[in-house]
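Subject: Structure handover

Hello,

I am passing this structure on to you, with notes on what was found in it. Please look through the sequence and the model before reading the rest.

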Amino acid sequence: MDKKIELQVLNISNSQAQVGAYALVLGEVDGERQLPIIIGPAEAQATALCLKGVKAPRPLTHDLFYTCLNILGTKMLRVLIYKAKEGVFYSYIYLQKEEEIIRIDCRTSDAIALAVRSDCPIYIYESILDRECIRLDDDDERPAENPDKENETSDSTNINSLENALEQAIKDENYELAARLRDEINRKK
C-alpha cells in the first residue's frame, strides 16, 4: 500500500500561472519536497488569515463550517490528498463523531482551510507527491543558457495572457480586477 506523507503549509502567494489565483505551497514534514497547489482567492484569504491568527469581524465560510462541526460534536481528524489529475488535486476530510469515522470528498483548498483551523494533519500518498512535487536543490539555482531570450518570451506571453484576462474582466464588468490587471500590464511593459 502507498505510504502517506505528512505535509505542512509553507506559503501562499500570487499564482504566476493564473491571474486572480493563488499558489498554496505545501512542504513535506521532515523532507525537502514541496507541492504547489493553485487555489482561489477566498480559500487563500481564509487560510492566510487563520495562519496569521487574524480573526475576521464576521465568520468566513470555513469558520462557519468548523464551528458547525464543533457544535455537532464532530472532530476533524485529518486531510488526505488522494488523487491528482491534470493539475487538480482531490482530497478527503476525515471526521470523527463518537466512535464513527466519516470520510467526505472535498476540494483540497477547502480541506486545507479547515485543517489549519482544526490543527489536524494533512497527508498525501507518496506516489502523488513524487509525481507532482518540486524539489529544491542546487540545479534549481543555475541560470538559463540564454536568460535574455527566455525572459523576453515569457514576458511577452505573460503580457498577452494578462491582456486577455483584462478584456474578459471588462466584459464581466469586474472593474476591480480589471484595474489590477491594467496596473500589472503597465508594470511589465
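At 27% relative accessibility, Glu132 counts as partly exposed (buried is under 20% relative accessible area, exposed over 50%, and partly exposed lies in between, with a 1.4 Å probe and protein chains only). The side chain of Glu132 meets that of Arg131 in a salt bridge, with 3.5 Å from N to O; a salt bridge here is a side-chain nitrogen of Lys or Arg within 4 Å of a carboxyl oxygen of Asp or Glu. By this rule there are seven salt bridges.

Some notes on the basis of these values. This is a predicted model, in which local features need pLDDT of at least 70 and side-chain atom pairs count only at pLDDT 80 or more, while totals for chains, interfaces and linings use all residues. Residues are numbered from 1 along each chain as its sequence is written, and side-chain values use heavy atoms, with hydrogens and water left out.

Salt bridges

Another salt bridge joins the side chains of Arg33 and Glu126, at 3.3 Å from N to O. This pair links distant parts of the chain, 93 residues apart: Arg33 lies in strand E3 (residues 33-39) and Glu126 in helix H4 (residues 126-132). Helices (H or I, at least four residues) and strands (E, at least two) are DSSP runs, numbered from the N terminus. Arg33 is buried, with a relative accessible area of 8%, whereas Glu126 is partly exposed at 23% relative accessibility. Both belong to a network of salt bridges that links Glu28, Arg33, Glu126 and Asp130.

Arg107 and Asp110 also form a salt bridge, and their closest N and O atoms are 2.9 Å apart. Arg107 is partly exposed at 49% relative accessibility, while Asp110 is buried, with a relative accessible area of 18%.

Around Glu43

Glu43 sits in helix H1 (residues 41-51) and counts as buried at 10% relative accessibility. Its side chain makes a polar contact of 2.3 Å with the side chain of Arg107. A polar contact is a pair of N or O atoms within 3.5 Å; within protein, one must be able to donate a hydrogen and the other to accept it, and residues adjacent in sequence count only if both atoms are side-chain atoms. Leaving out residues up to four places away in sequence, Glu43 touches His62, Arg107, Ser109 and Asp110, where contact means heavy atoms within 4.5 Å.

Helix H3

In helix H3 (residues 108-118), 11 of the 11 residues are buried, so the helix is largely enclosed by the rest of the structure. Among them are Ser109 and Asp110. After H3 comes Asp119, with a positive phi near 55°.

Strands

Two strands pair if DSSP finds at least two bridges between them. Strand E2 (residues 22-28) and E3 run antiparallel and are joined by six bridges; Tyr22 has Ile39 in E3 as its bridge partner. E2 and E3 form a hairpin with four residues between them, and Asp30 in the turn has a positive phi of about 60°. Five of the seven residues of E3 are buried, so this strand is largely enclosed by the rest of the structure.

E7 pairs with two strands. Strand E1 (residues 4-14) runs antiparallel to E7 (residues 122-125), with four bridges, and Glu6 is partnered by Tyr123. Strand E4 (residues 74-85) pairs with E7 in the parallel sense over three bridges, and the partner of Val79 is Ile122.

Regards
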